[in-house]
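Have the structure open while you go through them.

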Amino acid sequence: MGYETIIVEKKNQIARITLNRPQALNALNETMGEELKAALKEAERDPETRCLIITGAGRAFSAGEDVSGLKERYAGGAHPSLGDHLRKKYHPIILGIRNMEKPIIARINGIAAGSGASIALACDIRIASEEAGLKQAFIGVGLVPDSGSSYFLTRTLGPGRALELIMTGRTVGAKEAETLGLVNKTVPTAELDKTVDEMAEKLANGPTKALGLSKRVVNQAARLELSDALEYEAQNQEIAGRTKDHLEAVRAFLEKRQPKFSGN
Amino acid sequence: MTYANILVQTEPPLGIIHLNRPKVLNALNFELLREVVEALEAFDKDDRTRVTILTGNDDAFSAGADIKELSEATPVDLIKENKFALWDRLKKIAKPIIGAISGHTLGGGCELAMNCDIIIASETARFGQPEINIGIMPGAGGTQRLTRTIGKFRAMEMILTGQPITAREAEKHGLVNRVVPVEAYFEEAKKLALQIAQKAPIAVRLAKEAVLKSFDTPLEEGLQFERRNFYLLFSTEDMREGMKAFTEKRPPQFKGR
């Protein structure tokens with residue numbers, strides 16, 4: 001499928017989605033919103049895709065919502081319905097990332113601001129270059145965090161530190177983001193590709209079903225009590241225990257060799 | 001018996017009915033419904049079968065009535081043909097029906113699901129009564145059973161907006177017994193069905209009857225009905241066996257007598 005504002009490349013069972021409006025710091029206009037949604041759906045359905053990378057072209061990851069459309073939307077002092085805008089444009093993207101039962105890496109090559117930060121935070125693993133940063137840009141335009149930012153930040157940092165970032169809107173540099181646990185790893189820019197690709201390759205060759213189920217149980221863990229979480233783990237372990245990859249791993253262990261996972 | 005729209009498996013003590021029109025998300029036409037009713041009635045008569053599982057596939061239990069079949073109907077047609085009477089036969093099935101439900105469960109599909117006695121849902125199940133979107137309303141028990149199950153206000157919203165709810169919401173509101181991963185709902189339903197199949201069949205039957213009676217009677221009458229069924233069970237061999245096994249600390253051997 002041909003896209004206008006994103007690039008999708010598939011290689012070695014890894015799909016790489018590049019937000020590609022570098023002149024606009026990869027801000028999400030309506031087309032990019034639709035295309036990202038479509039690309040996520042495509043990756044989910046494609047059995048040949050066993051790992052995803054989301055990244056940005058040029059010097060930014062994504063500056064978030066495209067404000068160039070503001071003029072029309074606010075013409076004559078109108079109040080556009082931002083709630084509906086979010087529900088339609090961003091919620092399917094964020095849920096598409098969280099609910100896809102495949103590992104997704106955010107390759108944060110530069111600034112990730114506003115809903116761009118939300119997209120990075122929704123991914124399973126974040127690897128940032130030293131030049132990157134995360135910014136809760138919402139308060140600067142008189143708005144609250146959206147597209148999952150409040151949810152992800154609060155769960156990662158606790159309410160105190162989440163609110164500091166939300167209320168000040170300051171840019172958290174990649175090094176600090178690593179210390180805070182907002183990104184998994186920050187590496188020199190020259191090493192970004194190598195680090196991301198190694199991680200992606202490892203995940204793409206992993207037991208995909210179990211990786212997906214792991215994501216499922218972690219997603220649910222946030223809303224369950226311990227006894228329910230234990231039950232939910234047991235149900236999913238039952239499923240993982242029936243995969244070919246599990247048997248392969250056990251066999252490999254007994255034969256003292258590395259397992260070869262098929263993803264089934 | 002051969003069926004065109006369902007697959008039927010006899011796996012004593014279970015009977016299993018799969019709705020099988022996958023190309024149309026198991027849309028419910030009268031033929032499909034007739035087959036379901038006949039298969040359930042056949043299991044009801046078969047002594048080897050203790051519990052029936054009613055299921056669709058992962059994508060759809062049933063996405064609702066076959067619109068084509070109804071779009072030209074007039075009230076006179078509907079009255080004369082009286083095909084909806086099939087739903088009344090469904091209500092008379094005496095053995096427990098476990099719904100193993102995933103995917104779209106809409107309109108007539110949701111109404112069929114609500115005819116089950118216990119529902120195990122997959123996380124991907126969605127329940128709704130979207131009839132209002134095409135200018136009609138639920139016609140096979142939706143307004144009554146949904147209201148009695150999830151309450152007036154939630155039922156009203158679902159029926160007047162046509163907006164479906166997720167499996168988790170359905171669980172929260174008591175429309176399903178529990179929600180499990182999509183890979184597991186059928187097995188989970190089977191486990192539960194086997195558990196019930198171990199119980200004394202006559203007791204299971206009379207207990208189901210008494211629970212369903214509560215929908216049709218004032219409390220006093222329902223209590224009298226319950227007591228009669230309770231007394232009746234003291235005439236069964238299984239009751240003697242059950243109590244004897246309990247005092248002898250061994251599992252009972254029920255015979256359905």
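1. First, the ground rules. This is a predicted model, where local features need pLDDT of at least 70 and side-chain atom pairs count only at pLDDT 80 or more, while totals for chains, interfaces and linings use all residues. Residues are numbered from 1 along each chain as its sequence is written, and chains are lettered from A and ligands numbered from 1 in the order in which they are written.

2. Domains of chain A. Eight residues of domain 1 of chain A touch eight residues of domain 2 of chain A, contact here being C-beta atoms, placed from the backbone, within 7 Å.

3. Domains of chain B. Here you get domain 1 (6–197) and domain 2 (201–247). The two C-alpha centres in chain B are 26 Å apart, and seven residues of domain 1 of chain B meet six residues of domain 2 of chain B.

4. The largest nonpolar core. It has 63 residues, and A:Leu52, A:Ile105, A:Ile108, A:Ala112 and A:Ala120 touch the most other members. Domain 1 (6–204) and domain 2 (208–254) of chain A both supply residues, so this core lies between them. A core here means buried Ala, Val, Leu, Ile, Met, Phe, Trp, Tyr and Cys residues joined through C-beta atoms within 7 Å. Buried means 20 or more other C-beta atoms within 10 Å of the residue's own, exposed means 12 or fewer, and partly exposed is in between, with C-beta atoms placed from the backbone.

5. Take A:Ile108 as a way in. Leaving out residues up to four places away in sequence, A:Ile108 touches A:Phe61, A:Ala120, A:Arg126, A:Ile127, A:Ala128, A:Ser129, A:Ala132 and A:Val183. Another core, of 55 residues, lies apart from the largest one, and B:Leu28, B:Ala100, B:Ala121 and B:Ala167 are among its members.

6. A helix pair in chain A. Helix H1 (residues 30–45) and helix H3 (residues 82–99) of chain A pack at about 25°, their axes 9 Å apart. Axes are lines fitted to C-alpha atoms, for helices over the stretch in contact, with angles from 0 to 180 degrees between N-to-C directions. H1(A) and H3(A) are therefore roughly parallel to each other; the cut-offs are under 35 degrees for roughly parallel, over 145 for roughly antiparallel, 65 to 115 for roughly perpendicular, and oblique for the rest. On the H1(A) side, A:Gly33, A:Leu36, A:Lys37, A:Leu40 and A:Lys41 meet A:Lys89, A:Pro92, A:Ile93, A:Gly96 and A:Ile97 of H3(A).

7. A helix pair in chain B. Helix H6 (residues 142–150) and helix H7 (residues 152–161) of chain B pack at about 140°, with axes 7 Å apart. H6(B) and H7(B) are therefore oblique to each other.

8. Buried or exposed: where does A:Gly140 fall? A:Gly140 counts as exposed, because it has 12 C-beta neighbours inside 10 Å. A:Gly140 is in the loop between strand S8 (133–135) and helix H5 (149–157) of chain A.

9. Last, B:Glu187 in helix H9 (residues 185–197) of chain B. With 16 C-beta neighbours inside 10 Å, B:Glu187 is partly exposed. B:Ile120 is 67 residues away in sequence, yet its C-alpha is 9.7 Å from that of B:Glu187.

Technical notes:
Domains from an automatic or database assignment. Contact = placed C-beta atoms within 7 Å. Helix = DSSP H or I, 4+ residues; strand = E, 2+ residues; numbered from the N terminus.
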